[in-house]
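This briefing concerns local backbone geometry and strand pairing. The chain to which it refers is shown below.

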Amino acid sequence: MTGKTLAEKLLSDKSGTDARAGDYVEAEIDVAMAHDITGPLAFQTFDEVTGEDADLFAPDRTIFTIDHHAPADGVQAANNHNAVREFAAKHGAHQFDVGDGICHAVLVEEGFVKPGDLVIGADSHSTTYGGIGAFGTGVGSTDLGTALATGELWFRVPETMRFEVEGELADGVYAKDLILRFIGDVGFDGCTYMAAEYGGSTIESLPIHERLVLSNMAIEMGGKAGFVEPDLRTIDYLERQTGEVVPFDDDLHSDEDATYDSVHTYRAEDLAPQVSKPSNPENAVDVTEVEGTEIDQLFVGTCTNGRYEDIKLVADILDGEELAPNVRMVVVPASKSVYQYMLQTGVFQTLTDAGAVIQSAGCGPCAGYHQGVLGDDDICLATANRNFPGREGSMQSQVYLASPATVGASALYGEITDPRGVQTERYDDTVFAEVLS
Amino acid sequence: MSDPSEPGRAWVFGDNIDTDQITPSRFIVSSDPDELATHAFEDLRPEFSGKVETGDFVVAGENFGSGSSREHSPLSLVGAGVSGVIAQSFARIFFRNAINLGLPVLICPGADAIDDGDEVSMDIDAGIVHNHTKGEQYDAEALPEFLQTLVEQGGLKAYTKAKLSE
Ligand code: SF4
């Protein structure tokens, strides 16, 4: 038998079988998450399957967030929030409220997810947890509701597609540019039913907040999971975040003779900053191709690029400057701690001085619900992950996706701008931690 | 749920129909299938919810149901009384959610031969789509045994209930 991919190893371990790509297994869940949109339906399922008074499989490893319509933008949303609060309280699960932040940011920051865990989230960007070497995958509410009852769920063991990057990224080029390029190359459904795995010297040198960007957007190529093999950098990051000792398991990687669906290799030096044109993330082009495109709104935030390092990077570019007169900028930190660090470190001041609007932590206008939706013919440049028709508002609006550096540079000129022309930093994992201490 | 082996009208959609297009995000504050059904495809095909009848089918191209994990999308089709979804390919989470809800789904590369309004039906066990209007049939990928069991039992809830009571 040949060796196993990390996906096969983890699902073998969690199902107690010798799992290979294509097998169906029932596996034990380590962590389960739902939010204010997907939670209520999952609660109905739970109540129906087990009866209302049953226990959750593991209340201490179950997390509910209120982040999508937060603060509530209508009565139904407010009622959904209450449903989350009530269910969480009744069953003793962890619950994060309005302003605490986006599920995927919170779970990582608070140390709920460890390398090697099987994490299901009733949200498609649950692939994010692969950035710290967990099998994170998005499921529906019926999946989540039944798993809350049983602690198990069925999975088809995925094939793995590997992305191998060697060399050093140029200044102004980030993990966001890498993932937009990958999606552009394999297509929006190129990795459907598969796990993506990112490796090579470039990936190994990336700080965790950038690795999380790669895994977060695995779903934009259809991926079921998106792994970066955990290493000592991962352990350091988690220990800094949580203040706890995190054991390192040196078997959490694909075997050398593992079978891949395909391997895609890149040279980091060759990569220019990328922009995905409307209305599909796969429309990735070099920034030079769309330079000069006029924009109306800039959006900095989301579970992809709403972390402290991302927002700080935008603030660095705007320090002492003003937004171009034709644009508005909406900034939505991914979590409450990001919001607080922005206050503490002057990032908040810099951005508001430049003319940006800053909202409480959450999803913001990412899915077009509230807090900055787009009107007809509005053009937005966003650090987000999706740009489907109508995603951030009107069906006639258009969204371009890019890195925080590209969004920051473009804010200065009111048109899509190559960030290689402005001074940009690459922050390592200690920046956020320094503010923490 | 209605019987997918009974012929019904095909509502044909294109490639990359994402969950925002199936159930626009402004409506997913509701989790009620009947309510969701009244908004299914509202921006893309406004007449759908008024005219769809119990026993009809949704037919689509590549990558149907991409985007978010919202179960509201397949649930809106369950609410609309759709007997099944036939697509050239599916996004993973939609496919999974549909199976979990007991909504039959078949991957059928030849689905592009189906025109809007054709009468179609599904043979789930054999993995065949019949086009009664054109007198044709198209091969589909038969569901793996485990998934057939889930669909036959009426979805993941029923499956789990049965398992818990064992
Ligand atoms: S930030 Fe956007 S993509 Fe991320 S969880 Fe919220 S709505 Fe979804």
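Predicted model: local features only at pLDDT ≥ 70, side-chain atom pairs only at ≥ 80, totals over all residues.

Tyr193(A) is found in the loop of chain A that runs between helix 6 (175-186) and strand 9 (195-199).

**Positive phi values**
- Most residues other than glycine have a negative phi.
- Tyr193(A), which is not glycine, has a positive phi near 70°.

**Cis peptide bonds**
- Most peptide bonds are trans.
- The bond from Ala70(A) to Pro71(A) is cis, with omega near -10°, and Pro71(A) belongs to the loop between strand 3 (62-65) and helix 3 (75-91) of chain A.
- Pro278(A) and Ser279(A) are likewise joined by a cis peptide bond, with omega about -5°.
- Ser279(A) is placed in the loop between strand 12 (274-276) and strand 13 (284-286) of chain A.

**Parallel sheet**
- Five strands of chain A form an open sheet in the order 4-3-2-5-6, with parallel pairing.
- Strand 4 (94-96) and strand 6 (135-138) of chain A are the edge strands, each pairing on one side only.
- From one strand to the next, the twist averages 15°.
- Three bridges connect strand 3 and strand 4 of chain A in the parallel sense.
- Ile63(A) has His94(A), in strand 4 of chain A, as its bridge partner.

Note on methods:
Residues numbered from 1 in each chain as written. Chains lettered and ligands numbered in written order. Heavy atoms only, no water. Helix = DSSP H or I, 4+ residues; strand = E, 2+ residues; numbered from the N terminus. Pairing = 2+ DSSP bridges. Axes fitted to C-alpha atoms, helices over the stretch in contact; angles between N-to-C directions.
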